[in-house]
Amino acid sequence: MKILFWTAAALIAYAYAGYPVLLWMLARIGARRYRQDDAHEPTVSLLVPAYNEERMIAAKLENALSLDYPAGKLEILVASESDDGTDEAVERFTRREGPRVRLLPSRVRRGKVANLHRAVPEARGEILVFTDANAMFRPDALRKLVRHFVDPRVASVSGRLVYRDTEGTASARGERVYWNFEMLVKKASSDLGSLPGANGSLFALRRERYRPISETRGDDFELPIRAIIDGYASILELDAVSEEPATERFVHEYRRKVRIIHWMSVSALILLREALAAGRWLLVFQLLSHKLNRWMVPFWLLALLPASIYLSGDGSVYALAALAQALTCVLALAGQAAESAGLRAPRFLVLPLYFVVVNAASLVALLSCMTGREVRWHKRPDRAQ
């Protein structure tokens, strides 16, 4: 039981502290430098997959058309599988803007990645920029993103996602803390030229590095990693900013993370095998440490709890561990009760609740993978706000 306790504790500590510290040290020692040029203006295709985005699509297109980028070098493709008024809203822009805005409609719903498969062959740009219908770019976001492609070693550049209304609900504040932590890891990965995954609301890829992937997996995770496996750099541009509304309730965040982790875990195992075959040892280290081990934390927690309780009579360390786990659960339940009652939960309740929600989502996602259960995407109620 002591071996079980210390093994589980070490794996949890490594996921949240050991790996970030090791990655930061590697970045300090082996940081790479890539050229950038603010005057670099390649042709760009902005790809917007859409499913019933009638309430958001006009604002998205207005935002895209107002970006600080030459009009003749930017085209916007909306790949729509909608059955509401999305297509009609886009058609109003195609009549007004001409070939700058194009609609690629489909009456069959096959999902985001299938939509991208339809859109990429129609794109004319040297650089493909992937985004979501509810993501609004800051005016200089596109310029900041594409300036890195002056360096032929760079294949993928991810922007930075900023959540709006992060002082509102408990879920929104939990997301902010998570993203602040995650950004430290992403920055160190970027310094090494090996950012495994991108921000789905804003990332760019050289057209020739695009590979069709399975429709059941995530483009923002897999495409940058495949570029790394091919020997190119995947980096982060902190000044290329997109904004989205923060999740309003923890139940919505839970469902979103179940879907994302379910998709990514399947991809991670496939990509891990390919990275091993290609000898991309840094990427192997990243996938094992930051993806697979992080997603396994709920299993380590489930092992740690009974070991802590069983050993609690053998010393204060085990008793404190059991107490800490019990306290986390109590605080998480209190945070959930506060949210359900419409109250503003204090931070000491928000963080335990977010921790429990994220790990519960990981547990359900991995179990669904093991049992072959499909996880479908559901539109978030606050998505159009």
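The model is predicted, so local features need pLDDT of at least 70 and side-chain atom pairs count only at pLDDT 80 or more, while totals for chains, interfaces and linings use all residues. Residues are numbered from 1 along each chain as its sequence is written, and side-chain values use heavy atoms, with hydrogens and water left out.

Start with H1 (residues 2-30) and H9 (residues 281-295). Their axes come within 9 Å and cross at roughly 150 degrees. That makes H1 roughly antiparallel to H9 (angles over 145 degrees count as roughly antiparallel). Helices here are DSSP runs of H or I with at least four residues, numbered from the N terminus. Axes are lines fitted to C-alpha atoms over the stretch in contact, and angles run from 0 to 180 degrees between N-to-C directions. The H1 and H9 crossing is left-handed (the near helix is turned anticlockwise from the far one by less than a right angle).

On the H1 side, the contact (heavy atoms within 4.5 Å) includes Leu11, Tyr14, Tyr19 and Leu26. H9 brings Leu282, Phe285, Ser289, His290 and Arg294, among others. By class, this contact has ten nonpolar, four polar and one charged residues. Ala, Val, Leu, Ile, Met, Phe, Trp, Tyr, Cys and Pro count as nonpolar, Asp, Glu, Lys and Arg as charged, and the others, Gly among them, as polar.

H9 also meets H7 (residues 219-229). Here the axes come within 11 Å and cross at roughly 150 degrees. H7 is therefore roughly antiparallel to H9. Phe221, Ile225, Ile228 and Ile229 of H7 meet Leu283, Leu287 and Lys291 of H9. The contact holds six nonpolar, no polar and one charged residues.

A cavity is a set of points on a 1 Å grid where a 1.4 Å probe fits but cannot get out, and lining residues have an atom within 4 Å of a point. H6 (170-191) and H9 each supply at least two lining residues. The largest share, four residues, comes from H6. The lining divides into three nonpolar, two polar and three charged residues.

Now the second largest pocket, with a volume of about 480 Å³. A pocket is an open set of points with protein on both sides within 12 Å along at least five of seven lines. Of its 17 lining residues, Leu301, Gln325, Cys329, Phe355 and Val356 are the closest to its centre. H1, H10 (297-311), H11 (316-340) and H12 (347-371) each supply at least two. The lining has 14 nonpolar, three polar and no charged residues.

Technical notes. Angles under 35 degrees count as roughly parallel, over 145 as roughly antiparallel, 65 to 115 as roughly perpendicular and the rest as oblique. Grid points are joined across faces, edges and corners, and a volume is the space filled by probe spheres set on the points.
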